[in-house]
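Here is a walk through one structure, from a single residue out to the whole chain. Keep the sequence and the model in view while reading.

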Amino acid sequence: DTPHLSKTPQACLLDREACKKTSKAGMMEVRSETTAVATSMAQTHEDVYFFDYFSLLCNAETCDQFVPGTSTLAYMDTHHLTAAGSLYVAPFLCSWFRKNGLAD
């Protein structure tokens with residue numbers, strides 16, 4: 001599940017500093033129940049997998065609407081990735097597939 005950010009991409013383009021104030025710890029707390037359920041399902045069902053890419057789009061303290069280290073929007077709204085956001089996550093997902101024996 002992607003984070004539900006408090007600011008829209010449009011708002012972030014107008015005031016990027018305001019978007020950097022979204023606390024990673026707060027976001028993790030909001031999504032903790034969903035993450036716990038998904039992790040539990042993946043651990044108890046051999047045909048269920050959970051790829052948690054949340055931290056890929058945050059730094060140590062905050063999350064914002066941009067691909068890390070760029071001014072390229074990663075989200076099209078408060079929780080759906082843009083094509084650029086998906087392209088950023090893709091190599092990590094491919095690596096995760098290989099690590100879990102789901103791809104060659």
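Tyr49 lies in the loop that links helix H4 (32-44) to strand S2 (62-63); helices (H or I, at least four residues) and strands (E, at least two) are DSSP runs, numbered from the N terminus. The model is predicted, so local features need pLDDT of at least 70 and side-chain atom pairs count only at pLDDT 80 or more, while totals for chains, interfaces and linings use all residues. Residues are numbered from 1 along each chain as its sequence is written, and side-chain values use heavy atoms, with hydrogens and water left out.

Read from the N terminus, the elements follow the order α-α-β-α-α-β-α. The C-alpha atoms fill a box of roughly 45 × 30 × 20 Å along the principal axes.

The chain has 104 residues, of which 30% count as buried. Of the contacts between residues at least 6 apart in sequence, 56% join residues at least 24 apart; a contact means heavy atoms within 4.5 Å.

The chain exposes about 6600 Å², and carbon and sulfur atoms supply 57% of that area. Such accessible areas come from the Shrake-Rupley method with a 1.4 Å probe, and for residues only the protein chains shown count as cover.

Definitions and conventions. Buried means under 20% relative accessible area, exposed over 50%, partly exposed in between (1.4 Å probe, protein chains only).
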